[in-house]
Amino acid sequence: MVTPAQNHRLRRVAVLSVHTSPLAQPGTGDAGGMNVYVLQSALQLARRGVEVEIFTRATSSQDAPVVEAAPGVLVRNVVAGPFEGLDKHDLPTQLCAFTAGVLREEAHHEPGHYDLIHSHYWLSGQVGWLARDRWGVPQVHTAHTLAAVKNASLAEGDTPEPVARQIGEQQVVAESDRLITNTADEAGQLVDIYGAGRERIDVVAPGADLSRYRPGDRAAARAELGLDAAELIVTFVGRIQPLKAPDVLLRAAAALHEREPGLPLRVLVVGGPSGTGLDRPDSLIELAAELGITARVTFLPPQPPDRLVQVYRASDIVAVPSYSESFGLVALEAQASGTPVVAADVGGLGVAVRDGVSGLLVPGHDTGDWADALRSVLVDADRRAQMARQAPVHAASFSWEHTADGLLDSYHRAVAGFRRNRELSPRRARSLWKLRRLGGVRA
C-alpha cells in the first residue's frame, strides 16, 4: 500500500494514449474499455494529489490543444497526421510526429516536470520508450491487448494482427521499467510469449465506477429506453466487430427462439461498427434478417454513461461473447448494475465474472452451448434473481479506487528501481540491463 509520504513524492505523471482519446465515446471507432480505464484511473490519481497529463492524437480540427477533463487531469491533443481517415494500422507512420509533440511539450518546462510515464497500448509504448530515455524517468506500460494472444483466438474470417505489431510489442516489453497487467493469466502471457521478467510485472485489476453503476429500477429503465416490460432482454454492449462476437449472441438467440418460440426474447445490441467490422457496417442487421429474428432484435447507438447504466438495469442478462478480452469492463459494469453476465471463458472474463454465482462462463463459441447457457438463466426466474443479487456483490471487489492504489504501488516500484539503476556504475548498469531483459535480476 502507498504511504502518504510516497504519494507526496510523485507529483506528475505523463500518460500516453496515442490511438484513442479518453474523452471519446466508447463503443465506436477504436474507443472502448481502454478509454474508460485511462480516464477513470487518471481521475482517481488526481484525487490523490497526483497531476495527470494525458497525451492523445488529435482527430478533429475542432479539438482544443488542451482540455481539462477534471481538476488535476489535462488531456493534450497532439497534432500528428490527418485528423480523420487514418486507420489504426497506419498510425505507426505518425509516431515520429506524435513523439515530437510530446517532447516539445516537456521542453517548455524545467527538467523533471514529469516523474513517470505510463503508456497504454503498444503504439504509446513506442513513444514512451523514447521519452523515457530523453527525460530520464521510468516508463510503466499497460498493453491492454496482445497481438499474439488475439491471433491465437481469431474469429472466423477476421484479419490477424500484423507481424509489425508483435515486434513492436516485444520491443516495448523489453524496454519498459515495469509492466502492468489486468490478470495473472495476462502476466503469464507476457512471460511465456514475450519473455518478460516476472519480477517486473504488477497485476492491477481494472474497476467500475461503483457510484454510477449500481442496481436500480428495472421497469423505469425499460420505460426510459422504450423497451417492453414483459420481455426477456439479453444485451450486447460494445464495438461491433468480429473480435467482440455479437454474431455469436444473435445465432444463439435464433437457436433459442426456434426451440422455444413462445419465449418473449429480445436481443438488444448497443454499439457501433469498429475495426474490421467497418468493412460491413450492416452485417448484424443482415444476419438478424438471415436468421429470421429481425423482429426480436433492437439496435441502439453507443450510449453515454448515464444512459448506459439504464441499459444494464433494463437487461435480464448482459452477454459478452468476445473471442479475446484482456478483462471486460462491460461485464463488470453490468454486474455492478445488478445484472447477471453470460460471457465467453476467455482472458480476463474468468476474473470479471464469478461463474455460477454472478453469471455464467461459456467455454467456446458454439451456438448450442450459448443457447443452453442463455436459456438456463432466462427460464429460471429464481436463479436469475439470485445471480442479480450476487452480481453487485462480486463487482464491489473491483473499483477504480482499488485500481489507483495498485497503480501507485507500481509507480513507486518503478521510480525506486529506476533510481537504483542510475546510481550504479556504467559497467554494472550495462550488465544489469542485459540480465533484466533475460528476466534474471530484480528491478
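**Figure 1. Glu 53 and Arg 12 meet through their side chains in a salt bridge, with N and O 3.9 Å apart.** A salt bridge here is a side-chain nitrogen of Lys or Arg within 4 Å of a carboxyl oxygen of Asp or Glu. This is a predicted model, in which local features need pLDDT of at least 70 and side-chain atom pairs count only at pLDDT 80 or more, while totals for chains, interfaces and linings use all residues. Residues are numbered from 1 along each chain as its sequence is written, and side-chain values use heavy atoms, leaving out hydrogens and water.

Glu 53 sits in strand S2 (residues 51-57) and Arg 12 in strand S1, so the pair links distant parts of the chain, 41 residues apart. Helices (H or I, at least four residues) and strands (E, at least two) are DSSP runs, numbered from the N terminus. Glu 53 is buried, at a relative accessible area of 5%. Arg 12 also counts as buried, at 12%. Buried means under 20% relative accessible area, exposed means over 50%, and partly exposed lies in between (1.4 Å probe, protein chains only). Both residues belong to a network of salt bridges that links Arg 12, Glu 51, Glu 53, Arg 76 and Glu 105.

**Figure 2. Asp 115 and Arg 11 join two loops.** Their side chains form a salt bridge of 2.9 Å, N to O. Asp 115 lies in the loop between helix H3 (95-107) and S5, and Arg 11 in the loop between helix H1 (4-9) and strand S1 (12-17). The pair therefore ties together parts that are 104 residues apart in sequence. Which partner is buried? Asp 115 is, at 16% relative accessibility. Arg 11 is partly exposed, with a relative accessible area of 38%.

**Figure 3. Asp 405 forms a salt bridge with Arg 48.** The closest N and O atoms are 3.1 Å apart. Asp 405 lies in helix H16 (residues 400-423), and Arg 48 in the loop between H2 and S2. Arg 48 counts as partly exposed, at 23% relative accessibility. The salt bridges come to 24 by the rule given above. Side chains of opposite charge can pair when their charged atoms come close.

**Figure 4. His 118 is found in strand S5 (residues 116-120).** It counts as buried, at 1% relative accessibility. What does His 118 touch? Leaving out residues up to four places away in sequence, its contacts (heavy atoms within 4.5 Å) include Val 13, Ala 14, Val 15 and Leu 16. Val 140, His 141 and Thr 142 are also among them.

**Figure 5. Ala 131 has its place in helix H4 (residues 121-135).** Ala 131 counts as buried, at 1% relative accessibility. It touches Leu 103, Ile 117 and Gly 136, not counting residues up to four places away in sequence. The C-alpha atoms of Ala 131 and Ala 58 are separated by 19 Å, and the two residues are 73 residues apart along the chain.

**Figure 6. The largest nonpolar core has 118 residues.** A nonpolar core is a set of buried Ala, Val, Leu, Ile, Met, Phe, Trp, Tyr and Cys residues joined through side-chain atoms within 4.5 Å. Trp 135, Val 342, Leu 374 and Tyr 411 touch the most other members. Helix H2 (residues 33-47) gives the most to this core, with nine residues. Residues touched by Val 342 include Ile 317, Val 318, Leu 360, Trp 370 and Leu 374. A second, separate core of twelve residues includes Ala 143, Ala 148, Ala 187 and Ala 196. In soluble globular proteins, nonpolar side chains tend to be buried together.

**Figure 7. Helix H10 (residues 283-291) has a buried side.** Leu 284, Leu 287 and Ala 288 are buried. Why do they lie on the same side of H10? They cover an arc of only 100 degrees around the axis, taken from the directions from the helix axis to the C-beta atoms. Their cover includes helix H9 (246-259), strand S10 (265-270) and strand S11 (297-300). Just after H10, Gly 292 takes a positive phi of about 75 degrees.
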